[in-house]
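Welcome, and thanks for opening this report.

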Amino acid sequence: MNNIIFFGPPGAGKGTQAKLISEDLSLSHLSTGEILRKKILEKDALAIKLKEIMSSGKLVSDDILNSIVLSRLSNESNKGFILDGYPRTLAQSEYLNNFLENSGNRINYIFNIKLSFEILKNRILKRSSEESREDDKIEVIQTRYSEYKNTTEKVSNFYKKTQSHIFYEIDGSQQIHEITKNIKKILKKS
Ligand code: AMP
């Protein structure tokens, strides 16, 4: 069983790597950002609320995220999953730990993709011209990065301290295929 978490600031390449690795190992790729962007298209009351929060660069509430993840992970087959964009708060990580404990499951690998603000800002601005995401604007990038530094980095630091045997730092400034190669090497080794 391979259950993996990807951490990293916005624009670090979590989504790209999670997609490549999930395809390679036939794992479910659970991108909470993607799931939320799909929900926005439903245009109901929740969609309007989500759109407002996400286009500001702030985090969506733990209750919404936990229920999304619960419903997806409860229906998982047994090959494993990749969490891309979750947990992002300490409350979410507690919720995840409880869920895993109750279902007799655990996380096997945690990859923390590191990247400087300068590089990620330029990457996201390039992506904005290709994908036109509402939150890929310069003024929103700063808020998303602050949310990462003030909240999500505390979660990855917590795992780094408590789960050091499965926690791997990855240099996100390399080429995509180099990063994938590094991750695959770690997955094969252990
Ligand atoms: P991403 O595609 O992972 O960069 O996520 C895009 C946006 O979705 C974030 O800026 C948040 O507003 C929201 N989001 C995604 N995952 C989470 C999460 N685990 N907790 C709270 N908000 C989230």
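## How a pocket is defined

On a 1 Å grid over the protein atoms alone, a pocket is an open set of points with protein on both sides within 12 Å along at least five of seven lines, and its lining residues have an atom within 4 Å of a point. A molecule sits in a pocket if more than half of its atoms lie within 2 Å of the pocket's grid points. By that test, the ligand sits in the largest pocket.

This is a predicted model, in which local features need pLDDT of at least 70 and side-chain atom pairs count only at pLDDT 80 or more, while totals for chains, interfaces and linings use all residues. Residues are numbered from 1 along each chain as its sequence is written, and side-chain values use heavy atoms, with hydrogens and water left out.

## Around the ligand

Which residues come nearest to the ligand? They are Thr-32, Lys-58, Gly-85, Arg-88 and Gln-92, out of 16 residues around the ligand; to be near, a residue needs a heavy atom within 4 Å. Helix H2 (residues 32-40) gives the most to this shell, with four residues. Helices (H or I, at least four residues) and strands (E, at least two) are DSSP runs, numbered from the N terminus. By class, the shell has six nonpolar, four polar and six charged residues. Here Ala, Val, Leu, Ile, Met, Phe, Trp, Tyr, Cys and Pro count as nonpolar, Asp, Glu, Lys and Arg as charged, and the others, Gly among them, as polar.

Some side chains make polar contacts, meaning pairs of N or O atoms within 3.5 Å. The side chain of Arg-37 has an N or O atom 3.0 Å from a ligand oxygen. A nitrogen atom of the ligand is 3.0 Å from an N or O atom in the side chain of Arg-88, and a ligand nitrogen is also 3.0 Å from such a side-chain atom of Gln-92. The ligand has 480 Å² of accessible area on its own, and the protein covers 96% of it (Shrake-Rupley method, 1.4 Å probe).

## The largest pocket

The largest pocket holds about 1,200 Å³ of space, where a volume is the space filled by probe spheres set on the grid points. Its lining has 49 residues, and Gly-11, Gly-15, Arg-127, Arg-133 and Arg-144 lie nearest the centre. Helix H6 supplies the largest share of this lining, six residues. The classes are 16 nonpolar, 17 polar and 16 charged.

## The second largest pocket

The second largest pocket has a volume of about 260 Å³. Of its 13 lining residues, Arg-37, Ile-40, Met-54, Arg-133 and Glu-134 are the closest to its centre. H2 and helix H3 (45-56) each give two or more residues to the lining, and the largest share, four residues, comes from H2. The lining divides into three nonpolar, two polar and eight charged residues.

## Backbone notes

Most residues other than glycine have a negative phi, and most peptide bonds are trans. The peptide bond from Tyr-86 to Pro-87 is cis, with omega near 0 degrees; Pro-87 is in the loop between strand E3 (81-84) and helix H5 (90-102). Ser-26, in the loop between H1 and E2, has a positive phi near 55 degrees.

How values were computed:
Polar contact = N/O pair within 3.5 Å; in protein donor to acceptor, adjacent residues only side chain to side chain. 1 Å grid on protein atoms, 1.4 Å probe; cavity = no way out; pocket = protein on both sides within 12 Å on 5 of 7 lines; lining within 4 Å.
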